[in-house]
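Let us walk through this structure step by step. Keep the sequence and the 3D view side by side as you read.

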Amino acid sequence: MRATRMGFIAACLMALAAAWLFFAPFIVGYQPRGAHWVTATRNDLAVGGALAVTAVIGLTTAAMLTVRELHYHARTHGDHFADQGSGGF
Amino acid sequence: MSRFFAGILTGIAGLMGGGWLIAAPFAPGFQRSNTAWIDATKVDMFTGAGIMALGLLTLVGFAAGLVATLRAEGALAQRQRGHAEPEEPPEETRASVELQSLVARLALALEDHERQQDGDARTAGQPSAQARRAG
């Protein structure tokens, strides 16, 4: 299914964007080295970390449930669904 | 089906997180108003907008998958298409129609055959097939 595949790709990119946000204060340089974390850094670390974890958990759950569903269909309806490969995505 | 809900929740989290990132430079106050955007503000604004867009795509993608699955399972009504061509009957229906017509033709042929036999028997003075069956 094309729409669900698009959802998977978008969620992957979201996890990458969140990871970028997590490291941005140190890469861009608005967090001075050796100093206490500034407000922007604390915000980016918290939001970036939370979003990255959420996206990874959501993606993993969705992928695991998809695989489980394909297995179930393959067992109940023969090899037809298994032959379709990524039919569930 | 719960895989769709996992994706939808991820999309909602992305939308909310992205929205917060766009508002964050002004809410905690590390970006002063009426001054040029500092680096942290630029990063938050652009990353937030990107994450919001990706969250929306995730949400739409998984929601569309959920709707399609519900339609396929019959929980939602099929989408009506205007002036659609009538669908061909499925293979099973076509086969049963062919079988019915074959049986009807066989029955007709059998009836003709019996009638013919009755006519032959009457001319030869023997009991008809129907009379034999009744006796």
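Start with a single side chain. B:Glu111 has 43% relative accessibility, so it counts as partly exposed. Keep in mind that this is a predicted model.

Now look for the partner of B:Glu111. The side chain of B:Arg115 meets that of B:Glu111 in a salt bridge, at 3.0 Å from N to O. Side chains of opposite charge can pair when their charged atoms come close. Where do B:Arg115 and B:Glu111 lie? Both sit in helix 3 of chain B, which covers residues 91–124. They are 4 residues apart, about one turn of the helix. B:Arg115 is exposed, because its relative accessibility of 53% is over 50%.

B:Arg115 also meets B:Asp112 in a salt bridge, at 3.5 Å from N to O. B:Asp112 lies in helix 3 of chain B too, 3 residues from B:Arg115, again about one turn of the helix. The relative accessible area of B:Asp112 is 44%, so this residue is partly exposed. Through shared partners, the salt bridges join B:Glu111, B:Asp112 and B:Arg115 into one network.

Next, widen the view. B:Arg3 is buried, because its 6% is under the 20% cut-off.

That pair leads us to the interface. Here, 32 residues of chain A are in contact with 31 residues of chain B. The size of an interface is often given as the accessible area lost when the parts come together. For chain A and chain B, the buried area is about 2,500 Å², with 76% of it on carbon and sulfur atoms. On the chain A side, A:Met14, A:Asn43 and A:Leu51 lose the most area to chain B. Together they make up 19% of what that side buries.

What about polar links? Between chain A and chain B, 5 residue pairs are in polar contact. Helix 1 (2–28) and helix 2 (39–76) of chain A each give two or more residues to the side that touches chain B. Helix 1 of chain A provides the largest share, 15 residues. By type, the residues on this side of chain A divide into 21 nonpolar, 9 polar and 2 charged.

Technical notes. Residues are numbered from 1 along each chain as its sequence is written. Chains are lettered from A and ligands numbered from 1 in the order in which they are written. This is a predicted model: local features need pLDDT of at least 70, side-chain atom pairs count only at pLDDT 80 or more; totals for chains, interfaces and linings use all residues. Side-chain values use heavy atoms; hydrogens and water are left out. Contact means heavy atoms within 4.5 Å. Buried area is the accessible area (1.4 Å probe) that two parts lose on being put together, summed over both. A polar contact is a pair of N or O atoms within 3.5 Å; within protein, one must be able to donate a hydrogen and the other to accept it, and residues adjacent in sequence count only if both atoms are side-chain atoms. Ala, Val, Leu, Ile, Met, Phe, Trp, Tyr, Cys and Pro count as nonpolar, Asp, Glu, Lys and Arg as charged, and the others, Gly among them, as polar. Buried means under 20% relative accessible area, exposed over 50%, partly exposed in between (1.4 Å probe, protein chains only). A salt bridge is a side-chain nitrogen of Lys or Arg within 4 Å of a carboxyl oxygen of Asp or Glu.
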